[in-house]
Amino acid sequence: MSRPRSFRQSMAWLHTWSGLVVGWVLFAIFVTGTASYYRTEVSHWMRPELTDAQADPVAAATRAGAFLQRTMPDAAGWSVMLPSAGSPAVTVYWWRSFAGPFHHALLDPVTGERAAVRDTQGGDFLYRFHYELNLPPMWGRWIVSACAMILLIALISGIVTHRRIFVDFFTFRRDRSAQRGWLDAHNVMGVLALPFHLMIVYTGLVTLSAMLMPWAVKAAYHGDLLRYYADAGIMVAGRPPAGHPGPAMPLGEIVARAMAATGETPELVMVSNPGDAAASVTAYFEEPPGLAHLHPQIAYDAATGAELGRVGEAGAATRTGAVMVGLHEAHFAAAPLRFLFFLCGLMGAATVATGLVLWSVARAPKNAAPEGLGLHLVRILNLGTIAGLPAGLAAYFLANRLLPVPLDARAEWEIGAFFAVWVLAALASALYPRPLAWPMALAVPGLAFLAIPGVDALTVGEVRFVGFDLAMAAVGLLLLGAARLAGRRALARYPVRTRLHGTAEA
Amino acid sequence: MTVPALILSLLLAFSGFSALALSLDRHHRAVFRSPVSQARIGSLRAAGWSGLGLSFAAAVTFAGWSFGPVQWIGALTGAALAVVALIAYRPTSLRAAALAALPLAALTLPLALMR
């Protein structure tokens, strides 16, 4: 690379290389994050045993409390996610220390025992992969944050580089050279959803800001995060354990008090220091309508049920942060707007993918010259990520239906299927003959996604999953369409004879 | 926020973006097979920006000042993507689609008002 000259040229250089180094991870972050807009629907589909029957939250909370009392009476904390239309089971967590491990179980709201449901992480796996990459949490979050910061650089340098944003706003020249087509596609996907891209990367960094910039809180509170949360109006102030055991009301009665006080059913109740004389129970409510991601809370004394405090109006800075987190997660968005967010997320993934492909197309050797090692590596990583990840996703959903339900550590097997198929698809795509690599690598996940509705119909076959199955089929058709496009280009570029005897190209 | 309100916003943004696209010579040639005249550029741009403005007004009217702008930007992206797809694959039908979107928008207005 020669020395960059003008400002715009140096920005183009920055855009190209910052985009390349994090592109593959970014693609996976975009795809799993986009899928997470439908996290509840995915979890629903992957736990077909749970039906939508609404249970009484008071009785369900009391039973969950009894379950936790039996399971870990001396825990540091319990949390009980009450049944709702979105998730009909009761999800309980319990832990001995905030450093983890966090144990969890799904309970049947009617019996209070572990629900008879297949072991799976459902949509939570995709959601956590989006910001932890299935690595130890802190490692994953730091890597994702680094990628997000580099993406912010790539976005801004990309805007500077793009000389004709307004003139080329609607331009997609698919009939010119391959490089021109990929560049136009990259520009269109990037520019049309630019407000979304800037919003999502910036608000994504804000959600991790406490980890990225801990110094202010560290200096002012000497690391006492809980006191900071209380002062910022994020959480009700906690109280230290008394150190001797004390009585407790049934959990349901506290839920009943919270319902009487607000007229709403809490989403979650959390017990701090259960069994201790100073135990407290905090009820968390659904976010009120609005962009901000702030849950109203009321804390109660676990023994007497007296109100200890509640989270009132948050300050301006907390609200600003909460609006940013809210925008990122789009919990406020009803079905049609959520679909637009989903579409924008796909466009983000497409911007990254087209950028990566453009890098290799722009450097493809003319005539039959051999490709260099760097180009070869990028091309194979492109294939392995852009076509391999969808194959892994399809495998994750298929494994959920095809693995035997009583299998030990079934949730880990599903995740194993995801990674194994991803790696296999990536390796296979590296071995395909070069002109056919893209069409074949895209057709495989396309067919796998198309198979999901059929497999679901044969194994579970419930009408309420038709919408999800249709969405899977649509993804499959989209991938097959992309395979066909890539195939047509390959056919146009390589005459029949080389294709049949294609040793030179392989 | 209701579905008709979002569709109204989308349709208005689609018509607006179509007019703006047609004010650019390259797309005007692709659609009408003739260069765009100076006078036409002016009227197309005026129409285009009014379409986007009306789309914003609809979003804010029906979804309020906090959701409205978010919804409007989502609608802009969806509408612009549709315009780009039409220009690339069916350029000759862009004009008809942009014109058809206006009576459709008028039809969704009462539905949006009902809620």
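Colleague: Which residues of α14(A) do A:Ala353, A:Leu356, A:Val357, A:Trp359 and A:Ser360 in α13(A) meet?
Modeller: Welcome! This is a predicted model, where local features need pLDDT of at least 70, side-chain atom pairs count only at pLDDT 80 or more, and totals for chains, interfaces and linings use all residues. Residues are numbered from 1 along each chain as its sequence is written, while chains are lettered from A and ligands numbered from 1 in the order in which they are written. Taking contact as C-beta atoms, placed from the backbone, within 7 Å, the partners in α14(A) are A:Leu375, A:Val378, A:Arg379, A:Asn382 and A:Ile386.

Colleague: Are α13(A) and α14(A) roughly parallel or roughly antiparallel to each other?
Modeller: Their axes, lines fitted to C-alpha atoms over the stretch in contact, with angles from 0 to 180 degrees between N-to-C directions, come within 9 Å and cross at roughly 155 degrees. Angles over 145 degrees count as roughly antiparallel. The two helices are therefore roughly antiparallel.

Colleague: How do α7(A) and α12(A) lie to each other?
Modeller: Helix α7 (residues 194-207) and helix α12 (residues 316-329) of chain A have axes that come within 8 Å and cross at roughly 125 degrees. Oblique covers what is left after under 35 (roughly parallel), over 145 (roughly antiparallel) and 65 to 115 degrees (roughly perpendicular). These helices are therefore oblique.

Colleague: Which residues of α12(A) make the contact with α7(A)?
Modeller: On the α7(A) side, the contact is made by A:Met199, A:Ile200, A:Thr203, A:Gly204, A:Val206 and A:Thr207. Facing them in α12(A) are A:Gly321, A:Met324, A:Val325, A:Leu327 and A:His328.

Colleague: How many helices and strands does chain A have?
Modeller: Both are DSSP runs numbered from the N terminus: H or I over at least four residues for helices, E over at least two for strands. On that count, chain A has 18 helices and 7 strands.

Colleague: Is B:Thr92 buried or exposed?
Modeller: B:Thr92 lies in the loop between α3 (38-89) and α4 (94-114) of chain B. A residue is buried with 20 or more other C-beta atoms, placed from the backbone, within 10 Å of its own, exposed with 12 or fewer, and partly exposed in between. B:Thr92 has 11, so this residue is exposed.

Conventions
Two residues are in contact if their C-beta atoms, placed from the backbone, lie within 7 Å.
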